[in-house]
Amino acid sequence: MAVTPTGRERPTIAAEAFLRALADHGADYLFVNPGTDFPPIVEAFDRAKKTNARVPKPVLVPHENLAVAMAHGAYLMSGRPQAVMVHVNVGTANTINNLANLSRDRVPLILAAGRTPLTEKGAFGTRSRPIQWGQEMFDQAGMVRELVKWDYELRVPAQVGDMVARGVEVAMAHPRGPVYLMLPREPLSAPLTEPIAPAAAPVHPDPRTIATLAEWIAGAERPLIITTVLAPAAVRALGALAERCAIPVIAHSPRSVCLPSSHPMHFGFEPGTLVADADLVIVLECDVPWMPHLQHPPAGCRIAHVAEDPFFVRYPMRSFPSDLSVQSGATNALEALIEAVEPRLQMADARIAARRARLTERMRTRRAQLTKDSAVGERISPEYLSRAIGETLGEDAIIFNEYPLRADHCPREKPGTFFAVGNAGGLGWGFGAALGAKLAAPDTFVVATLGDGAYMFSNPTVGHWVSAAHNLPILTIVFNNSRYGAVRRATLSMFKDGVAGESDGRMLADLDPAPPYDEIARAQGAYTERVEKPSDLPDALTRARDAVVDGRRQALLNVITPY
Ligand SMILES: Cc1ncc(C[n+]2csc(CCOP(=O)(O)OP(=O)(O)O)c2C)c(N)n1
């Protein structure tokens with residue numbers, strides 16, 4: 001009950017219970033883009049302000065796709081479930097791009113949407129605008145059902161707490177992922193009693209499969225681990241296992257730091273000859289370990305898949321061979337493996353030492369090549385830019401990369417300091433994810449490295465507004481090559497000798513004339529520079545970092561880098 005200014009008691013409405021249930025289940029924020037379905041939510045937030053009820057902090061985001069990206073970034077910082085609420089079917093439609101990214105990245109999100117009022121007259125909250133007829137759908141959740149684990153519509157107001165509890169439970173159950181709730185105005189504004197509820201446990205490996213894999217590791221001549229995304233605890237465990245057993249690690253299409261760059265077993269990002277030579281490949285939390293049309297392990301090579309969901313059951317087609325599946329979170333699996341492998345290594349010591357020596361030599365060659373590739377040239381190459389970012393911005397900078405950063409050249413030593421757009425590849429993710437990370441971890445220095453195409457997809461006016469309005473100073477670095485490089489490369493990879501090749505694949509890939517991104521962002525209050533000369537780059541990066549870290553101001557570098 002809340003008390004009105006006239007002393008009258010107000011019964012709690014379902015929207016208040018909804019917000020409190022979100023907070024009770026660990027949602028610190030509700031990223032919102034509202035509409036005519038929101039009056040009960042607005043009322044509930046205002047009541048909470050008055051009564052000091054614990055509810056998520058409301059974060060207004062003027063585009064739904066950016067709101068979902070922010071939730072993604074906040075989760076990567078906090079590990080806690082996130083919540084977004086949007087306007088009925090049309091707002092839901094605008095979330096789908098980043099919802100695809102977040103779904104493939106297994107981020108537990110409560111995506112809530114209003115639903116047009118169910119009734120045409122009579123009930124409190126009934127239809128009051130013509131659009132509320134047009135916005136009704138036969139199956140609103142059908143738009144997102146392929147991307148969410150569960151969906152539910154509030155029909156009985158008293159169920160709202162249980163509905164949030166169930167939604168969080170499903171979202172947090174491994175493998176994690178988004179769920180979708182629909183909240184029509186009438187039940188959301190109805191009076192009721194209150195909620196509360198549970199949490200889901202991580203997945204542990206079967207000891208027998210771990211024993212088999214430990215046996216295989218101990219007996220292997222040329223083992224290899226390929227991974228894509230790991231939590232910080234798993235990075236440490238992987239570092240220990242790879243070091244102890246001299247197993248090279250490839251981070252294929254990585255979405256997190258998988259191993260510190262300087263780790264002696266970090267062999268970069270392409271499976272290449274290592275996979276073609278291997279006699280044991282451990283595919284660790286990795287959906288696509290190699291590109292079947294380019295390479296594959298040799299016949300007779302043992303292949304083990306270790307992941308929360310080693311079968312990637314939500315992928316319609318995926319047929320990498322497998323001799324063993326270990327269904328477990330990576331940290332639990334690696335820790336169990338380290339224990340199980342040790343007693344089996346006595347007979348393997350000489351073999352491991354010989355392999356370590358071979359790999360050390362190979363690493364020397366690799367490092368020399370990397371130094372050569374990122375050397376300063378006449379123009380700013382993406383390799384040089386990536387190295388300068390890694391070296392100048394410091395090891396604590398948390399980088400959100402939407403494609404252009406060359407991971408080979410950007411040293412990342414600490415787990416949790418690099419994240420990349422997921423395999424769904426929905427452009428328009430990085431800027432929002434970086435803003436969400438800054439919100440959830442305000443004391444960190446957050447950097448978004450974006451292609452000029454990706455930056456435009458991110459809805460930059462909205463992003464810079466969010467940065468200013470919610471006081472979220474981050475550094476955005478635009479890799480400006482005035483083109484969709486990826487589209488051009490794809491065209492040339494198929495039609496280099498076709499007519500498209502004659503114009504260098506520029507058709508549909510050209511972004512000239514490039515807008516003055518720096519001037520536009522400056523008009524929205526950012527510290528900005530346009531950087532064209534390689535010699536200017538380190539100082540420009542330092543000034544931009546200082547503007548963000550010391551000046552607490554958002555910054556943008558428009559770096560001209562032809563590629
Ligand atoms: C929402 C969405 N639309 C289109 C694409 C297809 N796409 C993939 S990469 C790319 C170009 C990216 O250009 P940019 O960010 O400038 O990076 P570059 O390729 O030049 O390094 C496009 C359009 C996509 N991934 N997502």
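**View 1. What lines the largest pocket.** Sorted by class, this lining holds 22 nonpolar, 14 polar and ten charged residues (Ala, Val, Leu, Ile, Met, Phe, Trp, Tyr, Cys and Pro count as nonpolar, Asp, Glu, Lys and Arg as charged, and the others, Gly among them, as polar). The model is a predicted one, where local features need pLDDT of at least 70 and side-chain atom pairs 80 or more, while totals for chains, interfaces and linings use all residues. Residues are numbered from 1 along each chain as its sequence is written, and side-chain values use heavy atoms, leaving out hydrogens and water.

View 2. A pocket here is an open set of points on a 1 Å grid over the protein atoms alone, where a 1.4 Å probe fits, with protein on both sides within 12 Å along at least five of seven lines; lining residues have an atom within 4 Å of a point. Of its 46 lining residues, Ser253, Glu270, Tyr403, Leu405 and Arg489 sit nearest the centre. Top contributor to the lining is α17, with four residues (helices are DSSP runs of H or I, at least four residues, and strands runs of E, at least two, numbered from the N terminus).

**View 3. The second largest pocket.** Here the volume is about 1,100 Å³. Tyr75, Asp105, Arg106, Val229 and Glu308 are the closest to the centre among 50 lining residues.

Definitions and conventions: Points joined across faces, edges and corners; volume = space filled by probe spheres on them.
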